[in-house]
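Work through the following exercises with the sequence and the model at hand. Each task is followed by its solution.

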Amino acid sequence: VSQSRYSGDDPSSIFESPWGKGRPGWHIECSAMSHKYLGENFDIHGGGADLQFPHHENEIAQSEAANQCPFCNNWAHNEFLNFGSEKMSKSLGNVIKIRDFVNKFGGQVLRHVLLSVHYRARLEWTDEVLQRAVDEVRRIHEFAVEVKTYQVVTTGAGDPEVAKTIEKMQDELANDFNSAGALGHYFSFLRHVKGMKDHLNQETLNQVHATNKFLSDAMGFLNI
């Protein structure tokens, strides 16, 4: 129990301890919640890089001591979102509210900003990053509309570069969820298809539509 000086109706003031009124400590709260809802062992635990020590190390120590089994199989620690040299922080007053951002730019743009770098890499929030996200989301949607007008022109085997795109994107996402790498392969695919649209056969056109469907299912773009 961690000591608390809160009073009144604050829930943290209702616990009695030998040291006065208190509340369960931060680390034990998380261990208790994960045990209740996920069990003694679960697959993935996320959190900011700043929580590795002491918070997550405390969770591991107390949970494994109590349950006598591994606590979590995989850890996903995301880096900070920075404004210039400072991380986004409520205490610093440099927070962008998600609802306000989505109302102005749309959820697809926010998704692109966050997926454009690996989650373990620090993201610098700048006007240039935002504008690039707006432009690239527009390119994705314009391409998705454009390919619906493409016609089969030739016969023969499918294009090997188009055929490999989904596998390349899957490999990146399976590599510690490298979303930036997957998007890079998609934009290479986009440019390649636009350059060969007058030489499409049925197999390749089917693969183009399948790749757009994969982008929608795996990364949340397009809503196909």
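**Exercise 1.** Find which backbone oxygen lies 2.8 Å from a polar atom of the side chain of serine 179, and describe the surroundings of serine 179.

*Solution.* The oxygen belongs to leucine 115; a polar contact is a pair of N or O atoms within 3.5 Å, where within protein one must be able to donate a hydrogen and the other to accept it, and residues adjacent in sequence count only if both atoms are side-chain atoms. Leaving out residues up to four places away in sequence, serine 179 touches Leu115, Val117, Leu173 and Met219 (heavy atoms within 4.5 Å). Its relative accessibility is 2%, so serine 179 counts as buried (under 20% relative accessible area, 1.4 Å probe, protein chains only).

The model is predicted: local features need pLDDT of at least 70, side-chain atom pairs count only at pLDDT 80 or more, and totals for chains, interfaces and linings use all residues. Residues are numbered from 1 along each chain as its sequence is written, and side-chain values use heavy atoms, without hydrogens and water.

**Exercise 2.** Serine 179 is in helix α7 (residues 179-195). Determine how α6 (residues 160-174) packs with α7.

*Solution.* The axes, lines fitted to C-alpha atoms over the stretch in contact, are 7 Å apart at an angle of about 170 degrees. Therefore α6 is roughly antiparallel to α7 (over 145 degrees). Contributors include Leu173 of α6 and Ser179 of α7.

**Exercise 3.** State what the buried residues of α5 pack against.

*Solution.* The buried residues of α5 include Val129, Glu136 and Phe143. The partners are α3, α4, β8, α7 and α8.

How values were computed
Helices (H or I, at least four residues) and strands (E, at least two) are DSSP runs, numbered from the N terminus. Buried means under 20% relative accessible area, exposed over 50%, partly exposed in between (1.4 Å probe, protein chains only). Axes are lines fitted to C-alpha atoms, for helices over the stretch in contact, and angles run from 0 to 180 degrees between N-to-C directions. Angles under 35 degrees count as roughly parallel, over 145 as roughly antiparallel, 65 to 115 as roughly perpendicular and the rest as oblique.
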